[in-house]
Amino acid sequence: MNRAEGIMKKTAASTIPEIPANSVYDRIALDKLLLDAKNPRLAELGITEQATQFDLVKTLWEEMAVEEVAMSIAFSGYFDHEPLFVEPAINGSYVVIEGNRRLAAVKLLVDGTLRKKVKATKLPPVNATDTAKLGTLPVKVTTRKDSWRYLGFKHVNGPAVWALTRRRNISPTCITTTACRLRKLPSKSATIILRS
């Protein structure tokens with residue numbers, strides 16, 4: 001058992017208060033949720049919009065610390081009060097605009113074949129009950145346009161700040177798809193004001 005597993009098991013063994021799921025969120029089947037090839041985190045790694053779902057999972061696993069998210073979900077469950085932001089796509093599926101690391105983590109936890117292909121072999125096995133719980137995830141159905149203000153705050157100025165190159169990747173998309181005006185994009189300490 002590695003150090004992270006030991007810490008997670010200790011944490012899971014302690015009494016974790018049950019947080020009621022927010023009934024406002026929809027739930028969508030895991031197989032209907034798609035990773036986002038337009039994710040600014042992936043653009044800096046050379047991932048294009050033509051990337052396959054496997055390419056996206058593999059890249060997120062290798063480059064974006066999905067293991068820590070997967071370990072947290074494996075030992076503590078998925079927190080229903082933290083929905084994925086999704087946009088309707090073709091054939092009844094949904095693209096995850098916000099929450100790609102969480103989605104990749106869940107997909108790897110429930111799919112042993114995918115786990116082997118990605119070489120995510122250190123993840124703990126998930127029992128049938130937990131796998132069933134992860135079969136649908138809480139989502140907030142929205143659009144890219146409607147989510148940019150939130151994402152801009154969260155990843156540019158807020159609690160999960162993206163690196164400068166990621167912040168720069170968000171601006172052309174924001175400008176071309178939502179007519180946002182960004183005042184001052186830039187230094188790590190710069191404040192960005194999103195206006196629509």
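Trainee: Where does phenylalanine 75 lie?
Mentor: Phenylalanine 75 belongs to helix H4. Helices (H or I, at least four residues) and strands (E, at least two) are DSSP runs, numbered from the N terminus.

Trainee: What should I know about the model itself before going on?
Mentor: This is a predicted model, in which local features need pLDDT of at least 70 and side-chain atom pairs count only at pLDDT 80 or more, while totals for chains, interfaces and linings use all residues. Residues are numbered from 1 along each chain as its sequence is written, and side-chain values use heavy atoms, with hydrogens and water left out.

Trainee: Back to phenylalanine 75, then: buried or exposed?
Mentor: Phenylalanine 75 counts as buried, because its relative accessibility is 17%. Buried means under 20% relative accessible area, exposed over 50%, and partly exposed in between (1.4 Å probe, protein chains only).

Trainee: How far is phenylalanine 75 from valine 126?
Mentor: Their C-alpha atoms are 9.1 Å apart in space, and 51 residues separate phenylalanine 75 from valine 126 in sequence.

Trainee: And for the whole protein, how much of the contact pattern comes from residues 24 or more positions apart?
Mentor: Among contacts (heavy atoms within 4.5 Å) with a separation of 6 or more, 65% join residues 24 or more positions apart. The protein has 196 residues, of which 40% count as buried, and its secondary structure consists of nine helices and seven strands.

Trainee: At what angle do H4 and H5 pack?
Mentor: Helix H4 (residues 66–76) packs against helix H5 (residues 100–110) at about 65°, and their axes are 8 Å apart. Axes are lines fitted to C-alpha atoms, for helices over the stretch in contact, and angles run from 0 to 180 degrees between N-to-C directions.

Trainee: Which residues meet there?
Mentor: H4 contributes Val66, Glu68, Val69, Ala70, Ile73 and Ala74, whereas H5 contributes Arg101, Arg102, Ala104, Ala105, Val106, Leu108 and Leu109. By class, the residues of this contact of H4 with H5 are ten nonpolar, no polar and three charged. Here Ala, Val, Leu, Ile, Met, Phe, Trp, Tyr, Cys and Pro count as nonpolar, Asp, Glu, Lys and Arg as charged, and the others, Gly among them, as polar.

Trainee: What about H3; which of its residues are buried?
Mentor: In helix H3 (residues 53–63), Leu56, Val57, Thr59, Leu60 and Trp61 are buried. Their cover includes helix H2 (40–43), H4, H5 and helix H6 (112–118).

Trainee: Let us turn to the sheet. In what order do the five strands stand?
Mentor: The order is E1-E5-E3-E4-E2, in an open sheet with mixed pairing. Strand E1 (26–29) and E2 are the edge strands, each with a single partner strand, so one side of each lacks a neighbour in the sheet. Two strands pair if DSSP finds at least two bridges between them.

Trainee: Which sense does each pairing take, starting with E1 and E5?
Mentor: E1 and strand E5 (residues 136–141) are antiparallel, over four bridges. Within this pair, alanine 29 stands opposite threonine 136, and isoleucine 28 has leucine 137 as its bridge partner. E3 and E5 are parallel, over three bridges, with leucine 84 opposite valine 139.

Trainee: And what does E4 pair with in the antiparallel sense?
Mentor: Strand E3 (residues 84–88) pairs with E4 in that sense over four bridges, and glutamate 87 stands opposite valine 95. Five residues lie between the strands of this hairpin, where asparagine 91 has a positive phi near 55°. Strand E2 (residues 33–34) runs parallel to E4 and is joined to it by two bridges; leucine 33 has tyrosine 94 as its bridge partner.

Trainee: Why is E4 described as largely enclosed?
Mentor: Four of the five residues of E4 (residues 94–98) are buried, so the rest of the structure largely encloses this strand. H5 lies across E2, E3, E4 and E5, and runs at about 125° to E4.

Trainee: One last topic, positive phi. What is the phi of alanine 65?
Mentor: Alanine 65 has a positive phi of about 55°, although it is not a glycine. Alanine 65 sits in the loop between H3 and H4 and counts as partly exposed, because its relative accessibility is 37%.

Trainee: And what is phi for lysine 119?
Mentor: Lysine 119, also a residue other than glycine, has a positive phi near 70°. Lysine 119 lies in the loop between H6 and helix H7 (128–133), and at 66% relative accessibility this lysine counts as exposed.
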